[in-house]
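Please look over the protein shown here before reading the report below.

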Amino acid sequence: MTTANERVGHSGVELTKGRDASNTHSIQRALLREFQRRLRDVRGAIRRTVGYKNDALRLRANVDAEEAYDFPTREARVRAFMRDLRSWLREALIGDEPGRVRLENGDHWLAEYVSEAYQVGLSAAEGRLLQAGVSLTPSDPGDALRRSMSRRQLAKLYGRTFENLKQVTEDAAQQLRETLTGGIAAGKNPRKLASELNEELTKIERSRLATIARTEVINSHAEAALDTYEQHGTDVVGHTSRLTAKDASVCSFCRALEDIPFTLSEFRSVTVSWGGQPRRIGVPAHPNGRCSPVPEIGLSADELDPLAERIPNTAGGRPIAILST
């Protein structure tokens with residue numbers, strides 16, 4: 001396992017603390033760098049439009065703006081800028097929005113990262129089965145991605161990742177609007193306001209976009225592993241934190257579930273409440289999760305205790321309660 005605590009890009013994001021059991025850190029890093037690359041033009045447009053060069057919102061008194069929005073009131077100019085900003089963000093992160101069929105076929109730039117993580121997860125799962133003594137012939141990666149199960153799963157994963165990115169894009173526009181209106185109310189000059197807008201964009205990159213890079217890659221990797229276990233007749237898996245080296249960054253919830261066996265169905269569908277917050281028992285159990293499902297060879301679903309007896313009552317001093325099965 002590789003240590004994976006390096007910083008990424010100008011924002012200094014740390015993608016994964018400790019060790020990377022999934023071997024997907026390079027994919028996470030590449031996806032976040034692609035987010036950063038796509039936002040460069042947005043940053044430049046903000047500097048030009050809001051800053052001194054254009055002062056399109058006419059924030060400086062008695063100065064003719066070079067390329068100002070042609071509206072008589074500041075409120076109207078703000079609305080015009082926000083329309084442009086939403087357009088810049090969508091163009092950078094979403095692009096030409098594909099229809100459902102195109103999206104399910106992987107016709108979007110995100111698909112490259114999702115499918116690569118899925119392929120790594122498939123290969124890793126076969127390796128774990130082989131280590132456990134299961135007789136199988138390792139799949140050709142290209143052929144494996146063309147299986148009907150893989151295509152169906154990838155279609156869902158593409159849709160999930162795309163919808164999450166769309167939501168982040170909309171939320172980012174709202175956060176930037178709040179920064180903009182607050183700065184105007186405080187009487188900040190154009191250069192300062194442009195800088196604060198780009199600082200807010202960096203915060204979004206460090207939090208929301210980094211979370212997508214981590215969580216969606218790990219989710220694709222985990223789903224590939226579960227599909228592989230299912231294909232080879234392994235119906236029981238474990239949510240394990242030991243594959244992330246039991247380091248200090250493993251959360252109490254995931255540590256409490258370590259070594260507990262679950263059926264594939266349970267792993268995919270059961271949710272619980274932990275300290276009042278919903279969590280999956282599967283992987284990833286929460287945003288930025290790092291755990292990985294491992295096969296429990298020689299253990300059948302019929303041998304398992306009832307689910308309520310397997311799941312601990314507490315983790316880290318906070319209660320766990322089953323919400324859905």
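## Overall make-up

In this predicted model, 51% of the 325 residues in the protein are buried. The accessible surface of the protein is about 15,300 Å². Carbon and sulfur atoms account for 44% of that surface.

The protein has 10 helices and 11 strands. Along the principal axes, its C-alpha atoms fill a box of roughly 80 × 45 × 35 Å. Among contacts in the protein with a separation of 6 or more, 71% are between residues 24 or more positions apart.

## Two packed helices

Two packed helices are described by the angle between their axes and the distance between the axes. Helix α4 covers residues 111-131 and helix α7 covers residues 190-231. The angle between α4 and α7 is about 40°, and their axes are 7 Å apart. The crossing of α4 past α7 is right-handed.

On the α4 side, the residues that meet α7 are V114, A117, Y118, V120, G121, L122, A124, A125, E126, R128 and L129. On the α7 side, the residues that meet α4 are V217, S220, H221, E223, A224, A225, D227, T228 and Y229. Sorted by class, this contact of α4 with α7 has 12 nonpolar, four polar and four charged residues.

## A residue in helix α7

N198 is located in helix α7. Is N198 buried or exposed? Its relative accessibility is 9%, and buried means under 20%, so N198 counts as buried.

Which residues does N198 touch, not counting residues up to four places away in sequence? With those set aside, N198 is in contact with R43, I46 and R47.

## A residue in a loop

A301 is found in the loop between β9 (292-295) and α10 (307-310). The relative accessibility of A301 is 30%, so A301 counts as partly exposed.

Leaving out residues up to four places away in sequence, A301 touches D235, V236 and T263. How far apart are A301 and L193 in space, C-alpha to C-alpha? The distance between A301 and L193 is 59 Å, and 108 residues separate them in sequence.

## Summary

Helices α4 and α7 pack at an angle of about 40° with a right-handed crossing. N198, in α7, counts as buried, whereas A301, in a loop, counts as partly exposed.

Methods: Residues are numbered from 1 along each chain as its sequence is written. This is a predicted model: local features need pLDDT of at least 70, side-chain atom pairs count only at pLDDT 80 or more; totals for chains, interfaces and linings use all residues. Side-chain values use heavy atoms; hydrogens and water are left out. Axes are lines fitted to C-alpha atoms, for helices over the stretch in contact, and angles run from 0 to 180 degrees between N-to-C directions. Helices (H or I, at least four residues) and strands (E, at least two) are DSSP runs, numbered from the N terminus. A crossing is left-handed if the near helix is turned anticlockwise from the far one by less than a right angle, and right-handed if clockwise. Contact means heavy atoms within 4.5 Å. Ala, Val, Leu, Ile, Met, Phe, Trp, Tyr, Cys and Pro count as nonpolar, Asp, Glu, Lys and Arg as charged, and the others, Gly among them, as polar. Buried means under 20% relative accessible area, exposed over 50%, partly exposed in between (1.4 Å probe, protein chains only). Accessible areas come from the Shrake-Rupley method with a 1.4 Å probe; for residues, only the protein chains shown count as cover.
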